[in-house]
Amino acid sequence: MASAPLRRRFLSWMAATGAEVIGVQETKANPEQVSADLREPAGYVSNWAVAEKAGYSGVATFSRQAPLEVWRGLDDPRSDHEGRVLATRFPELTFFNIYFPSGNRGPEWVAHKIAFYQRFVEKIGALIAAGERVVVAGDVNTAYAPIDIARPRENLRTSGFMPEERAAMSAFFDNGLIDSYRALYPDTVRYSWWSNRSGARERNIGWRLDYVLISQNLVPALREARGGQRRRTAATTDAGSATLR
């Protein structure tokens, strides 16, 4: 459960954003475990996806309007118990809040991550092919291009920048998703994660792991995007955003 100062910071940040929809990843909690003001923040409707394993994964979506429909998971028994996917359908679009797996625990986790990517592409690709307006926000756990990581050559065999992970991620774009930040800022260096070791943040040795992806039919509505600057405390994260009109 978040401390009172941390809770106040998060609620203050949430109020200041003025966002219609906010997605939070790696919540690591059931909604019953948090205070009422976090569970149902003023002015927002909340929905949560929770992992079967206590203290693991999890995502929460806060929206100004109640969604027409809510579903969890990717209809995949390999990962749906991990509480990584929460979809909320609104009249204007469908919002996916996703905490993608990390592969940093070894080859079997890289394989699990890539399988998750592939199942995600199947699900999203079908919606996009049907003409749906889709937004995907989340921690993808991969820096897609060399511009998205401070030290690309040194990390080619590090999970999060492996060629096979990036190839799997390229299928997102092949199936109709657009990186909202790169659509507006193709050459800007910006990161959303830094290691806690060796003063990486101070030296800006970072990775851009967090994305807001949109379907092609939403590009004309894209007005602004932010590509990173995840803060030190998870309760005040602002790792990526997109403004649509």
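By the rule I used, the count comes to one cavity of 30 Å³ or more; a cavity is a set of points on a 1 Å grid over the protein atoms alone where a 1.4 Å probe fits but cannot get out, with grid points joined across faces, edges and corners and the volume taken as the space filled by probe spheres set on the points. The model is predicted, so local features need pLDDT of at least 70 and side-chain atom pairs count only at pLDDT 80 or more, while totals for chains, interfaces and linings use all residues. Residues are numbered from 1 along each chain as its sequence is written, and side-chain values use heavy atoms, with hydrogens and water left out.

I noted a volume of about 30 Å³ for the largest cavity. Its lining residues (an atom within 4 Å of a point) include Ser180, Arg208, Asp210, Arg226 and Gly240. Helix H5 (180-184) and strand E11 (210-215) each supply at least two lining residues, and E11 gives the largest share, three residues; helices (H or I, at least four residues) and strands (E, at least two) are DSSP runs, numbered from the N terminus.

I then turned to Thr88, which is found in strand E5 (residues 85-89). Thr88 counts as buried because its relative accessibility is 1%, where buried means under 20% relative accessible area with a 1.4 Å probe and protein chains only. Leaving aside residues up to four places away in sequence, I found that Thr88 touches, among others, Asn47, Thr61, Glu69 and Phe95, contact meaning heavy atoms within 4.5 Å. I also recorded 9.2 Å between the C-alpha atoms of Thr88 and Ser63, which lie 25 residues apart along the chain.

Notes: On a 1 Å grid over the protein atoms alone, a cavity is a set of points where a 1.4 Å probe fits but cannot get out, and a pocket is an open set with protein on both sides within 12 Å along at least five of seven lines; lining residues have an atom within 4 Å of a point. Buried means under 20% relative accessible area, exposed over 50%, partly exposed in between (1.4 Å probe, protein chains only).
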